[in-house]
Structure formats: structure tokens, C-alpha cells
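Reader: I would like a close look at one part of this model, with the cut-offs spelled out.

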Amino acid sequence: MIKKKEMDLGGGKVLSIETGRMAREANGSVVVRLGDTMVMATTVTKDTPRQGIDFFPLLVDFEEKLYAVGRIPGGFFKREGKPTETAVLTSRRIDRPIRPLFPKGYRNDVQIVITPLSVDSENPPDILAIIGASAALSISDIPFPEPIGAARVVKLEDKFIVDPSIEEIQKSQMDLVVAGTHDKILMIECGALEIGENDVLEALKLAQKKIKEVVKLQKELVAAAGKKKMEVKLYKPAEKIEKYVKETAEKKIKKVMDIAENDKRMDELAKIVGELVQSIKGGSDEELKKIIEESPSDIKEVVKQIEKDVVRKMILEDKRRLDGRGFGDIRQIGCEVSVLPRVHGSAIFSRGETQVLTVATLGSLGEEQKLDGLSPEETKRYMHHYNFPAYSVGEVRPMRGPGRREIGHGALAERGLLPVVPDEDKFPYAIRLVSEVLASNGSTSMASTCASTLALMDAGVKIKSPVAGISIGLISDGKREILLTDIQGVEDFLGDMDFKVAGTKDGITAIQVDVKTDGLSLELIEKTLKEAKLARIKILDKMQEALSSPRKELSPYAPRVFTIQIDPSKIGAVIGPGGKNIKRMVEETGVQIDIEDDGRILITAVDTEGAKKAQKMIEELTFEPKEGEVYKGKVVRILPFGAFVEIVPGKDGLVHISEISQKRLAKVEDELAIGDEVIVKVKEIDEKGRVNLTRRSVTPQEKQKFQDK
């Protein structure tokens, strides 16, 4: 039976959630609609838990279908392939607020598939996707405890707008996406043009109000169409294993947790786990042997819980961190620039044991990324790629393409830096940054942001302001809350929050918040933003000691871009039939030529001489003679009634026999021969564009002036 609930968003907008029409075999299925944007969300789970794992196997897929915007995919196969970066980022945006709400110890596979069915030009599908995932879970029999809502808030001039149109998002100074329960915030993503902390808080309040309304709508749907939640077996380590580990190794684990160096501590903990396994296998207790054979993750889980208890007690009660820092202290910072000799820009940023190398590469606008997705954007000139190799954490694993984590971290750093990158009209380059994580112990995405700022300045990119990033963590027992500035890996892994903030001295450019609890209050977020600002300014001061401003000149190995503006009607003349002219210019000069629809021609070359040659060739192809102007040309053809003189390559005009000389000529050959160089003046250009030249009307002064040039 079809059930549908609606709410009025104002301004003629209606948000609806419907179930019972599509995908009835799924545990839960809904269609969410706003305007003509429709998103289907389905969720399915397995009846039994997956064995031998120590995590919740949740898989979220945002499946972009180009039929939703009336387009056929590119490429040979003409069908959607691997997910676009936008699809991956949207999947992560759905996953992060949902994951912490599932019951602890739930090990059944859960898959959420979001399919945009129709996307209009006004309402983006990502907010509907979060709402749809929550609604599908809430009406299903899967043990998801309560609905979550999502909202987008933008700031346009001095006005905050909830549920903005795509056009309003593109024009805004801030794009804030928030997800949460009725009372608390679970996820924040923000990109902004150096926005103030107070503006962020004001937008969060508006978002939370909208979220409460969306949660209420979902609860109405659950009351009308919700299934009874299934009874599930939650994973918990066997009591006998828990007792054995605590009796045998708890003191050792507590002692190991006092080791400040992350790699040494991890090695010692791994050694303890190995010793526990061997002692059980070599012992006489058959029941213990059987338990670790059936559930090999039990020992690791108990050790992890002891680690967590030790860290929380250390911070909440002993008021100290593992490495001895104060709660607001930043680890030692190191900055190096120009570390690679032949690249366009490079920098290494270190913060404690975390170390990131970023390399900046400049290219022509023709090298910008082409996008093939549901977004109205078709190209991207600024690209940030993030790589996280296994050696950065001392592990061995096969090298593969970028995963969701790499794509997400690269996008966060990109979002943080994009507001300070010069506009295309001021800096007509494609820009690619690659951040290589050399060593990881906490917040490599924010280290990538810092390293990327330095690499851009080292490349000579005139960014508006330097950008730095910091991650703030949280340890809470429900009553006490302690914020930790610059969290290291173990504090992130065992803590309750990862609150990343990037920005300049003047304001915030990016935020990303993940939590492992049931959410954050606005009061806690306000405190976190204040701590992040203090830390960000300290880091910026350190970065500016290494490089205070962008280099005055681009790297000698970077290409130079020269811009020519022509009449758009002349674009065809530059390209030539079948691209003949532009191909010839590229072959002869070695440059790259990009032509914009507005008549801008961008010549990209490392060799300045090649660029000048190409520029001259383009000027000749687009040359328009004017009446009264004097030129030096070459006779290219002779006919009985006159001579044709080429005044620039490919452009000639007729000198009638009566205009060749002051005296009367019987025939043209009496005065001119093919190949002669002559000085001529444009007499007139007729309605068909034909150029009529004169030689006899060129005055001695004009001839002398031309020769002097």
C-alpha cells in the first residue's frame, strides 16, 4: 500500500516522502521529492551477522544516472561506469551521520542505495539522499533507532537561505550542509569564502530548525508504514575471553599506553595481541581455543576496549594526553618549500609524526577536468588529489587506485583552498595539487591543506591569503567533555569526534565534522570553533616563517599563458577547415592553443618565442584591414586589370591598373612583377569584404613613415 507524507517548505516548495510504490522487495524503500528532483532510497540487510570482522559492514552507494538530467553518458559504452567524485562524496555524506546511530556490536551487512531518478535545475539531490536513506532505514525492520534530517543553508550577501536553489548555491558566500537527529548535530560539511564563526553558528541554528521538521515528517511516515524492528544478535566478545585478556594483559596494555611514540605503541600492542593468541593456542583450555577459532576478533576487541578505557581515564580524570601535551597544544610544526627541483611548486608540512608532501602543477585551461555527472558544472580547473600509501602507517598492502577516503580527503583540502585561488580571468591556468602522505599520525587532510598553501605560493600562484587547517577532537563520558586540539591517530580512533576546520586569518573556508556519539550540541560546536581559530592562526604564523607570500615569478619550468582577444566571429578563421589552421600553428610553434566561446584565445607555452610566433599567426588569420591604412605587401598574382597584393599571409587586395602608378600603364607588367614588395594603402572595402588597394595615392610622407617603422 502506498503511503505518502508531505511538508510545506514555503515559497511554493513541497517536500514529500513516499513508500510502497517502488522497490518493494527491499527491507525499506522510499522516494523523496522536492520540485522535479526525485530520489529513490533503498536499504537491505542480511539476516545473520558477518563472522570474523571487527567493524560494522555498512555500504552506501549514491548511483548517478544521467537519464535523471536527460543526458546520455559519454565514452564508448554509453553507460555509467565507476562512480564520479561527486557520487563518492555524496555517499560519504550519507554514511557519516547514519553510521554512529546503529547499535554497538551490529555486524549484519547493510547496504543503502540512493538513485536520483529525476533532477531539475533548481533542487540538488544530495540533501534528499540523506533524508531518503534515513527514511528507508526508519520504516524498515533494520535496527536503526531514530530518523535523522538534513538541511542546506547558504549565505547570499547578508541573508541566510535554507533549502537554496542551485543558482543561489553557486552565488553564495557559504554552502553549509548539516545532518542530525531531533536534538543534536551528527555531520557538518561547509565550504565558504572566509566566513566568520558567528555566521556558521547562525546557519547551524537555522539548519537544526529545519532538521527537526524533517525528522517529524519521517516519524509520521513510520507511524503509517513502519515495520517492526527485527531482533538481532549484537556482537560482544565472549566473557571468558574478556576475563582472560584482562587477567593476563591489562597491566601490560596500560603500561604500553604511556608510550608517546605512536609506531612503538602500536607495535607493542600488536605484540601483546600475538602473545595472547599464542598463549591460548598453546594452552590446555579447549573452550578458549574454540572461541578464538570461531571469533578471531575477540582478543583485538577486548584490547581495543582496554585502550579506550585507559585513554579516557587519562584525559577525563588524570587531565593529561598520551604525548604529554596540554589539551590546546599543537605538536611541533615543520615547513619546507622548494623541496623538488623540477616541479612548478612543492612543500613539505609536518605536524608531529604527520608529514605531507604537496606538489603543484600548472597547465593550460585545456587540461582542466571534464565532469560527466548530475552537477550543472561541466569542468573543473582546480584539482586536488590526495594519496595515502601504506608505508605512511608502516603497513604492507597492494597499491590500488584512490578509495573513498582518498577522494574525500582530497575534496576537503580542495574545498578549503578554492576560495583563495585567483579567478580564471586573472590567472588563466589549470591547477593540480597532489598531496602525498609520507607519514600519518592524525589529521593528514588538514596537513595536506597546509602543505598545499605553501606549494601554491612556491609555484608563484597569487593566492588571496594563506590557508591552514586543524582538527579538534573530543573525549566525553556524557557528563564531562574535553576538547583536544591537533588530535593524533589514537585520539581520533578512540575518541568521539573529528572536527576539521580550514581557513585564513580572516575566516573559515571549509569544515568537516564526523562524530562517533549520538551527536553534538550547538554549545560544544561554538567552543570547538573558537579553539580551532586559535590553533589555525598559530599554524599560519609558522607557515609564513617558511614563505611569507607567493613567489614573484612562476617557476621557470611552468608554462606561460598569453591571452589574445578576437572577435568571436573570427574563431572559425583561426580554427580553419577541419582544424587545419590550428593544427598547423601547434605543429610549427609547439604551443597549446585553447579557444573560448567569447573570443579569448589562450596560448600556453614554456618557450616564449613559440608563443610569440603563434600570436603573430593568429593576428594574421584574424587581421581586418581598415580604410586609409598603409601596408607593405607582396605581389602574388597579376591579371590584365590589376595586381593582387598580399598584405598579410592569407589576406590580399586588388590594386587596379589605374591605381598602380601616377602615369598611365598599358599593362600591369610594365610596372610590377610577381614577388615584388610594394607599399600600398587601403582605398576601400566593399560590401562583400573585398579589399581595394592603391599604390599611386601613397604619399611620400606615408611611404617614409612606413619605411621608418
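How many nonpolar, polar and charged residues does the lining of the largest cavity have? Please go on from there to the parts around it.

Author: The model is predicted, so local features need pLDDT of at least 70 and side-chain atom pairs count only at pLDDT 80 or more, while totals for chains, interfaces and linings use all residues. Residues are numbered from 1 along each chain as its sequence is written, and side-chain values use heavy atoms, with hydrogens and water left out.

By class, eight residues of the lining of the largest cavity are nonpolar, one is polar and four are charged. Here Ala, Val, Leu, Ile, Met, Phe, Trp, Tyr, Cys and Pro count as nonpolar, Asp, Glu, Lys and Arg as charged, and the others, Gly among them, as polar. A cavity is a set of points, on a 1 Å grid over the protein atoms alone, where a 1.4 Å probe fits but cannot get out; lining residues have an atom within 4 Å of a point. Grid points are joined across faces, edges and corners, and a volume is the space filled by probe spheres set on the points.

The largest cavity holds about 120 Å³ of space. Its lining has 13 residues, and Leu-34, Pro-124, Ile-127, Leu-128 and Asp-163 lie nearest the centre. β2 (13-19) and α2 (126-139) each supply at least two residues of this lining, and α2 gives the most, with three. Helices (H or I, at least four residues) and strands (E, at least two) are DSSP runs, numbered from the N terminus.

The count of cavities of 30 Å³ or more is two. The second largest cavity has about 40 Å³ of space. Among the residues that line it are Leu-89, Arg-92, Arg-93, Arg-96, Glu-189 and Arg-415. The lining of this second cavity has three nonpolar, two polar and five charged residues. α1 (85-98) and α9 (404-417) each supply at least two of the lining residues.

Contact means heavy atoms within 4.5 Å. Axes are lines fitted to C-alpha atoms, for helices over the stretch in contact, and angles run from 0 to 180 degrees between N-to-C directions.

A helix pair can be described in the same terms. The axes of α5 (239-256) and α7 (286-294) come within 10 Å and cross at roughly 105 degrees. That makes α5 roughly perpendicular to α7, a class that covers 65 to 115 degrees, with angles under 35 counted as roughly parallel, over 145 as roughly antiparallel and the rest as oblique. Lys-240, Ile-241 and Tyr-244 in α5 meet Glu-287, Leu-288, Ile-291 and Ile-292 in α7. The residues of this contact divide into five nonpolar, no polar and two charged.

Methods:
1 Å grid on protein atoms, 1.4 Å probe; cavity = no way out; pocket = protein on both sides within 12 Å on 5 of 7 lines; lining within 4 Å.
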